[in-house]
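Hi,

Here is the structure I promised to pass along.

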Amino acid sequence: MEKNPTYLFVTAAALIDQNGRILVQKRPEGKPMAGLWEFPGGKVEAGETPETALIRELNEELAISVKEADIKPVAFASEALEERHLILLLYICRKWSGHVQSPDSLDLRWLPVAAIRDLEMPPADGPLVQMLANALRDPG
């Protein structure tokens, strides 16, 4: 990796339903890492805070509205990604308005955190699953 890498900041959400299940989505064909499972979210654009980016991405990807007060940072991952370096910020969200749906017809699944461990995920998402499981056990 070069001495001064370009950083790519990405936000993701662990949306948690009333039954404690977490939403994951399958990356679509034609995108890098197609077919792998991930937490919903996306890139932080110029001029956005990570929270603003996550709220925008959840609305675009899942047709839901989230308030900044309802997302809490829980973990992050740092991963070399080709010529850039990915910083993935994971938030927990238990409250939103609207019904989760995928306008882009992505495959969505609500799963307990233990089942997410068995999914094939991008390199940065995988380590977040254990951090999320730890955070859910320790609500402090």
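This is a predicted model: local features need pLDDT of at least 70, side-chain atom pairs count only at pLDDT 80 or more; totals for chains, interfaces and linings use all residues.

Residues are numbered from 1 along each chain as its sequence is written, and side-chain values use heavy atoms, with hydrogens and water left out.

**The cores**

By nonpolar core I mean a set of buried Ala, Val, Leu, Ile, Met, Phe, Trp, Tyr and Cys residues joined through side-chain atoms within 4.5 Å. Buried is under 20% relative accessible area, exposed is over 50%, and partly exposed is in between (1.4 Å probe, protein chains only). The largest nonpolar core has 25 residues, and the members that touch the most others are Ile22, Phe39, Leu88, Ile116 and Leu132. At least two residues of this core come from each of strand 1 (6–15), strand 2 (22–26), strand 5 (71–81), strand 6 (84–93), helix 2 (113–116) and helix 3 (125–137). Helices (H or I, at least four residues) and strands (E, at least two) are DSSP runs, numbered from the N terminus. There is also a second, separate core of 13 residues, with Leu54, Leu62, Val66 and Cys93 among them.

For contacts, the cut-off is heavy atoms within 4.5 Å. Leaving aside neighbours within four places in sequence, isoleucine 22 has contacts including Ala14, Phe39, Trp110, Ile116, Leu132 and Leu136.

Beyond four places in sequence, leucine 8 is in contact with Lys43, Leu81, Arg84, His85, Leu86 and Ile87.

**Helix 3**

The end C-alpha atoms of helix 3 are 19 Å apart, which agrees with the 18 Å that its 13 residues should span at 1.5 Å a residue; the expected span is 1.5 Å times one less than the number of residues. Its buried residues are Asp125, Leu128, Val129, Leu132 and Ala133. They cover an arc of only 145° around the axis, which puts them on the same side of helix 3. That arc is taken from the directions from the helix axis to the C-beta atoms. What do the buried residues of helix 3 pack against? Their partners are strand 1, strand 2, strand 3, strand 5, strand 6 and helix 2.

**Salt bridges**

Counting a side-chain nitrogen of Lys or Arg within 4 Å of a carboxyl oxygen of Asp or Glu as a salt bridge, the total is five. In one of them, arginine 27 pairs with glutamate 38, with the closest N and O atoms 3.0 Å apart. Arginine 27 is in the loop between strand 2 and strand 3 (37–38) and glutamate 38 is in strand 3, so the pair ties together parts that are 11 residues apart in sequence. Both arginine 27 and glutamate 38 are buried.

Then there's a network of salt bridges linking Glu48, Arg56, Glu57 and Glu60. Arginine 56 meets glutamate 48 at 2.6 Å, N to O, and glutamate 57 at 3.1 Å, N to O. Arginine 56 is partly exposed at 22% relative accessibility, whereas glutamate 48 is buried at 19%. Glutamate 57, in helix 1 (residues 50–62), is buried with a relative accessible area of 9%. Not counting residues up to four places away in sequence, glutamate 57 touches Gly41, Gly42, Lys43 and Leu62.

An open sheet of three strands runs in the order 3-2-7, with antiparallel pairing; strands pair if DSSP finds at least two bridges between them. Strand 3 and strand 7 (108–111) are at the edges with a single partner strand each, so one side of each has no neighbour in the sheet. Strand 2 and strand 3 are joined by two bridges, and glutamine 25 has glutamate 38 as its bridge partner in strand 3.

Most residues other than glycine have a negative phi. Methionine 33, not a glycine, has a positive phi of about 60°; this residue lies in the loop between strand 2 and strand 3 and is partly exposed at 32%. Alanine 63 also has a positive phi of about 60°. Alanine 63 is in the loop between helix 1 and strand 5 and counts as partly exposed at 30% relative accessibility.

Cheers
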